[in-house]
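Please read the following note alongside the sequence and the coordinates.

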Amino acid sequence: MAAENNDVIPLLTPYNMGEFPLSHRIVLAPLTRDRSYNNVPQPHAAVYYSQRATKGGLLITEATGVSDTAQGLPDTPGIWTKEHVEAWKPIVDAVHQKGGVFFVQLWHVGRVSNNDYQPGGQAPLSSTDKGLTPDLYGLNWSPPRQLATDEIPGIVNDFRLAARNAIEAGFDGVEIHGANGYMIEQFMKDQVNNRTDEYGGSLENRCRFALEVAEAVIDEIGAERVGMRLSPYSDLNEAGDSDPDGLGLYMANALSKLDLVYLHVIEPRAVGAMVIEGCAEGQLLPMRKAFKNTFIAAGGFDRTTGSEVVAGGGADLVAYGRLFLANPDLPMRFRLDAPLNKYDRNTFYISDPVVGYTDYPFLQQA
């Protein structure tokens, strides 16, 4: 049992994220958990999320599909049907009962999929017909089909309807997943997008789809309930860009004009689950300065570095993934400077409703 630590660290100071008063700056990052059988959120998710909920703490769900073409992994949740909405309601209620603020991350995987996950066994949809390298990550990838120009508004509308469903399910807001090489990044990144229409070529054209999604979601539920996650410096899922600085700054400026409640950006030093040491610090500062509302940083932070980035003005909030997964009471442990549970990577993506999910121990308080 750790002793009380009376020194209030920057991570544990209050902050107002738009209309949401937060009691601390520690955010549960979106973490794919593969435990929503047949894409339907399960009762055990209510346990998992409520374990990590605190009064005035922000939680972001695992990536959640916006349509039946959005899937690319086993047992990831959806929010495109009435059944999905009804299944999410008790999960949202469990978090709200603890006083938490709950956003759902809206996701379309694009080409990061195969025919088995697609309706009718069709080809995955993408900005491009260029597929992922065969056997990348040891998985099978089906060649994607490039969306026709006149099909793109339909995908935009899928995000709009998913946002509407999210509010019906009781969520406080949505985060648009524009990171990690999925559909939105497949349009934004020039190493993937080889289109010749108004959605390809120039930086402005490549960002058009992302901004149309943001505008549609804002139109549906209001900018005060919409955030977006970006990873301009990542090449995850073979989605790199020749000018990540330019891409990040352009998007930060454009999203600031749309008045999104937050911008959530993955640090350049974080690549997938790995943290690259020695990466230049401060690379996100131009994006942070360009975006007028709440800025969330993610990527391998601990108690010390998270507090440093907040104290130094590099971010308003810090998202934690693996540490929050393994420590459901992470804000309490940070407050007490208590030892942390170690995460077990082998149980991140298994389908068990308890193991590696709701069985990480809390601090035993006297």
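1. Aromatic pairs. Rings of Phe, Tyr and Trp (its six-membered ring) are paired here if their centres lie within 6.5 Å; planes under 30 degrees apart are called stacked, those over 60 edge-to-face, and the rest tilted. By this rule the structure holds 13 aromatic pairs. In one of them, Tyr-48 and Tyr-49 have ring centres 4.8 Å apart and planes at 75 degrees, so the pair is edge-to-face. Tyr-48 and Tyr-49 are both buried, where buried means under 20% relative accessible area, exposed over 50%, and partly exposed in between (1.4 Å probe, protein chains only). Tyr-48, Tyr-49, Trp-88, Phe-102, Phe-171 and Tyr-357 together form one aromatic cluster.

2. Basis of the values. The model is a predicted one: local features need pLDDT of at least 70, side-chain atom pairs count only at pLDDT 80 or more, and totals for chains, interfaces and linings use all residues. Residues are numbered from 1 along each chain as its sequence is written, and side-chain values use heavy atoms, with hydrogens and water left out.

3. Helix H3. Helices (H or I, at least four residues) and strands (E, at least two) are DSSP runs numbered from the N terminus. Helix H3 (residues 152–169) has 18 residues and reaches 26 Å from its first C-alpha to its last, close to the 26 Å expected at 1.5 Å a residue; the expected span is 1.5 Å times one less than the number of residues. Its buried residues are Ile-152, Ile-155, Val-156, Phe-159, Ala-162, Ala-163, Asn-165, Ala-166 and Ala-169. In an α-helix there are 3.6 residues a turn, so residues three or four places apart point the same way. The buried residues of H3 pack against helices H2 (82–97), H4 (183–188) and H6 (208–221), and against strands E5 (101–107), E6 (125–126) and E8 (173–178). Just after H3, Gly-170 takes a positive phi of about 105 degrees.

4. Gln-186. What surrounds Gln-186, leaving aside its neighbours within four places in sequence? Its contacts (heavy atoms within 4.5 Å) include Val-109, Arg-111, Leu-125, Ser-126, Gly-181 and Asn-193. Gln-186 belongs to helix H4 and is buried, with a relative accessible area of 0%. The C-alpha atoms of Gln-186 and Ala-239 are 6.6 Å apart, although the two residues are 53 residues apart in sequence.

5. Salt bridges. A salt bridge is taken as a side-chain nitrogen of Lys or Arg within 4 Å of a carboxyl oxygen of Asp or Glu, and the structure holds 15 salt bridges. One of them joins Asp-241 and Arg-206 (3.2 Å, N to O). Asp-241 lies in the loop between strand E9 (226–230) and helix H7 (244–257) and Arg-206 in helix H5 (residues 203–206), so this pair ties together parts that are 35 residues apart in sequence. Both Asp-241 and Arg-206 are buried.

6. Further salt bridges. Asp-259 and Lys-292 form a salt bridge whose closest N and O atoms are 3.5 Å apart. Asp-259 is partly exposed at 36% relative accessibility, and Lys-292 is exposed, with a relative accessible area of 54%. Between Arg-303 and Asp-337 the closest N and O atoms of the salt bridge are 3.7 Å apart. This pair links distant parts of the chain, with Arg-303 in helix H9 (residues 303–311) and Asp-337 in the segment after H11, 34 residues apart. Arg-303 counts as buried at 17% relative accessibility, whereas Asp-337 counts as partly exposed at 44%. Lys-82, Glu-86, Lys-89 and Glu-168 are linked in a network of salt bridges.

7. Asn-38 is found in the loop between E3 and H1 and has a positive phi of about 55 degrees although it is not a glycine. Asp-34 is buried at 6% relative accessibility, whereas Asn-38 is exposed at 67%.
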